[in-house]
Amino acid sequence: MTKYIFSLMFIAIFSMAGAQSTAEIVFEEAVHDFGELPEGPKVNTAFKFKNTGAEPLIISNAKGSCGCTVPIWPKEPILPGEEGIIKVEYNTARRPGPFTKTVTITSNTSAGNTVLKIRGTVVKEAEEETMPVKEPLLMAPNN
């Protein structure tokens with residue numbers, strides 16, 4: 001009976017040790033601040049990461065919080081100890097003012113999801129001032 005209990009404990013310990021062996025993603029930075037940006041162009045940044053786990057890292061999805069934030073992620077597995085990059089593009093067109101957007105990374109890490117953030121302030125383009133043009137009236141006598 002004692003051997004049976006010892007065997008079960010042995011199996012349980014090794015099962016837990018095996019469950020802890022996963023991929024882990026560690027980013028150099030999880031937030032990127034663009035500062036002030038002119039309204040109109042698309043801007044890009046890259047989030048560098050490393051797989052610090054014992055298993056290959058598989059990123060199954062990366063989703064921006066809106067259509068103006070588009071992530072591009074590696075589709076191939078990242079081996080333990082290897083690095084990768086997730087690129088994020090933000091479209092500033094017609095979006096003046098401060099912004100904070102997120103990108104949710106879904107992977108085979110123990111956490112499952114990791115959230116990256118981009119932020120900044122889009123400065124509205126100055127409108128050209130023009131002299132008002134006086135349109136002639138159709139019924140005016142001096143047209």
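**Ground rules.** I am working with a predicted model, where local features need pLDDT of at least 70, side-chain atom pairs count only at pLDDT 80 or more, and totals for chains, interfaces and linings use all residues. I number residues from 1 along each chain as its sequence is written, and side-chain values use heavy atoms, with hydrogens and water left out.

**Whole chain.** I found one helix and eight strands, taken as DSSP runs numbered from the N terminus (helices H or I, at least four residues; strands E, at least two). The order along the sequence is α-β-β-β-β-β-β-β-β. Of the 143 residues, 29% are buried, meaning under 20% relative accessible area with a 1.4 Å probe, protein chains only. I also looked at contacts (heavy atoms within 4.5 Å): among those with a separation of 6 or more, 65% join residues 24 or more positions apart.

**Strand S3.** I then picked S3, residues 42-51. Its covered face holds Val43, Thr45, Phe47, Phe49 and Asn51, while Lys42, Asn44, Ala46, Lys48 and Lys50 make up the uncovered one. In a regular strand, side chains alternate between the two faces of the sheet.

**Its partners.** Which strands pair with S3? Pairing here requires at least two DSSP bridges between two strands. S1 (residues 25-27) pairs with S3 in the antiparallel sense over three bridges, with isoleucine 25 bridged to asparagine 51. S6 (residues 83-91) also pairs with S3 in the antiparallel sense, over nine bridges, and there lysine 42 stands opposite asparagine 91.

Definitions and conventions. Buried means under 20% relative accessible area, exposed over 50%, partly exposed in between (1.4 Å probe, protein chains only).
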